[in-house]
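I opened this model to look up a few points about its fold. My notes follow in the sequence in which I took them.

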Amino acid sequence: MAITRDDVLKILSAVTIDAGGTTLPASGRLSQVVVDPTGRVMFSILIDPSEAERFEPIRRQAEGAILATPGVSGVFASLTSERGPNHSAQGPHPAQGQAAPQPPAPGRPPAPQPPRTGPALPGVRHIVAVASGKGGVGKSTTACNLALALSAQGLKVGLLDADIYGPSVPKLFGLSGKPKVIEERLLAPMEGYGIKVMSIGFLIEAETAMIWRGPMVQSAITQMLREVAWGDLDILVVDMPPGTGDAQLTMAQATPLSGAVIVSTPQDLALIDARRGVTMFRKVAVPILGVIENMATFVCPNCGHASHIFGHGGARDEAARLDVPFLGEVPLDMTIRESSDAGRPVVAVDPDGPHAKVYRAIAAKLWANLNGASAPRAAPRIVIE
């Protein structure tokens, strides 16, 4: 018999959090409860960082009660903390005896923070975030084809879809089904075109709206990073959600990122947000490995006329202004769109085609920048005819 959200809440009503008998659901600390079609249950408990030791036994009790229920295949339960008036974006309260960070003077920006990296992922050599300041610039398509282009160099590659609210990677790779549970809190990644892939999209129905607050999003990203059997990888590409919010800070501060790639279209409106992405990663001491200009040029398939629908060269110029590497241009082309919609990424299905060559050139420069090698000279602009 399938377990429902109401069943979970009823079970959790037997878990109390204090001597007064306050139940977990009645405490206001319980996040939205998600039950996927395979019987996997996901929820988080909101706490203050100082309460972590007290609430860990409660979390374990709640997790155990759900696991013991028929129809449950697994439980993802975590403790999360929201930023409050006495918490900076950088984490919990300072330790006793340390001075609390002072707010910046009016009109002055906060000082850049030192890097806060979590423990490395066993077997993963590099973790690279592919990010954008705004949505709609083709970031996920770029991340997908970039991962495949890196794999084409003989590298062992994984792809994590960290866009919790709009997971696109299952569609881009043509993957469906549910990841296998290897052991109690460890999932096997899906595989597509030789790439190990994980996405929240594998754990929920395709049309499910992820109405989650920041702490639940942070918890989901952390679990997909650390509770997945990635194995030995040369590089894990992370398709980030757009913007500069909780998800980006979680990745930047809880993960040993080797660097970030910023994807932007050429027009000024997108470049404004791309600048914010660069600024955010710099504030948390994550190196910018390069900027990619997506949808750079449209060549009419009928007459061959080249049109710069979103402008041209804006991301290249912005990279020079920000003193970060420029990795290359990707054209606006129906072949890329059609292959992406069909779950047949262009780098995988047409590896010798002109579009795959663009992505492979970008991947080569990224890998050189990542390993501190001298990047090759800027490749000539490739026009698809």
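By helix I mean a DSSP run of H or I of at least four residues, numbered from the N terminus. The model is a predicted one.

I looked up α9, residues 334-341, and found I336, S339 and S340 buried. They lie on the same side of α9, because the arc they cover around the axis is only 100°. I then checked what the buried residues of α9 pack against: α3 (139-151), α4 (169-173), α10 (346-349) and α11 (354-370). Just after α9 I noted G343, with a positive phi of about 70°.

Entry 2, the sheet. I found an open sheet of three strands in the order β1-β2-β3, with mixed pairing. Its edge strands are β1 (34-35) and β3 (74-80), and each of these pairs on one side only. Helix α2, residues 52-67, packs on the sheet and touches β2 and β3; I read about 165° between its direction and that of β3. β1 pairs with β2 (residues 40-46) over two bridges in the antiparallel sense. For V35 I looked up the bridge partner in β2, and it is V41.

Which residues touch the most other members of the largest nonpolar core? I listed L150, F173, W230, L236, V237 and F281, out of 87 residues in that core. Helix α11 gives the largest share of this core, eight residues. Another core, of 19 residues, lies apart from it and includes L12, L24, I45 and A62. I also looked up W230: leaving aside neighbours within four places in sequence, its contacts include L121, V124, P189, K196, M224 and L236.

Terms used
Residues numbered from 1 in each chain as written. Predicted model: local features only at pLDDT ≥ 70, side-chain atom pairs only at ≥ 80, totals over all residues. Heavy atoms only, no water. Pairing = 2+ DSSP bridges. Contact = heavy atoms within 4.5 Å. Axes fitted to C-alpha atoms, helices over the stretch in contact; angles between N-to-C directions. Buried < 20%, exposed > 50% of the residue type's maximum accessible area, 1.4 Å probe, protein only. Arc of directions from axis to C-beta. Core = buried A, V, L, I, M, F, W, Y, C linked by side-chain atoms within 4.5 Å.
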